[in-house]
Amino acid sequence: MSNINKEIPEIKAEGWRCQKCDKPLVPMTTDITYVSSSFTVELPGCPDCGFIFIPPELALGKMLEVEKLLEDK
């Protein structure tokens, strides 16, 4: 398992709330798996239901770059 936290910009959880639980999101460690590669990252998540929020700038930025690199392997 690889750790790409150094490459992912810090995502602030302040101000975000879970729509389902209405709880403030907190930093949570989670595993992301793509094409048989796993990465441990810290992202905002709901402490009650476990929902993990991936902001658009991360999904369309760094995560897209990693996805393309993995597909090129």
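## Salt bridges

Let's start with Arg17 and Asp22, whose side chains meet in a salt bridge, with N and O 3.0 Å apart. Keep in mind that this is a predicted model. How exposed are the two partners? Arg17 counts as partly exposed, with 47% relative accessibility, and Asp22 also counts as partly exposed, at 48%.

The structure holds two salt bridges. Besides the one between Arg17 and Asp22, there's one between Lys23 and Asp48, where the closest N and O atoms are 3.7 Å apart. This pair links distant parts of the chain: Lys23 sits in the segment before S1, while Asp48 is in the loop between S2 and H1, 25 residues away. Lys23 has a relative accessible area of 34%, so call it partly exposed.

## An aromatic pair

Now for the rings. There's one aromatic pair in the structure. Its members are Trp16 and Phe53, with ring centres 4.4 Å apart and planes at 35°, which is why the pair is described as tilted. To count as stacked, the planes would have to be under 30 degrees apart, and to count as edge-to-face, over 60.

Where do the two rings come from? Trp16 belongs to the segment before strand S1 (26-34), and Phe53 to the loop between strand S2 (37-45) and helix H1 (56-59), so the pair ties together parts that are 37 residues apart in sequence.

Next up is Thr40, which you'll find in strand S2. Its side chain makes a polar contact with the side chain of Asp31, at 2.8 Å. Thr40 has a relative accessibility of 19%, and since buried means under 20%, Thr40 counts as buried.

How many disulfides does the structure hold? A disulfide would need the two sulfur atoms within 2.5 Å.

Looking out from Cys49, the closest cysteine sulfur is in Cys18, at 3.8 Å, so that too is too far for a bond. As for accessibility, Cys21 is partly exposed with a relative accessible area of 23%, and Cys49 is partly exposed with 35%.

How values were computed. Residues numbered from 1 in each chain as written. Predicted model: local features only at pLDDT ≥ 70, side-chain atom pairs only at ≥ 80, totals over all residues. Heavy atoms only, no water. Phe/Tyr/Trp six-rings, centres within 6.5 Å; stacked < 30°, edge-to-face > 60°. Helix = DSSP H or I, 4+ residues; strand = E, 2+ residues; numbered from the N terminus. Salt bridge = Lys/Arg side-chain N within 4 Å of Asp/Glu carboxyl O. Buried < 20%, exposed > 50% of the residue type's maximum accessible area, 1.4 Å probe, protein only. Polar contact = N/O pair within 3.5 Å; in protein donor to acceptor, adjacent residues only side chain to side chain.
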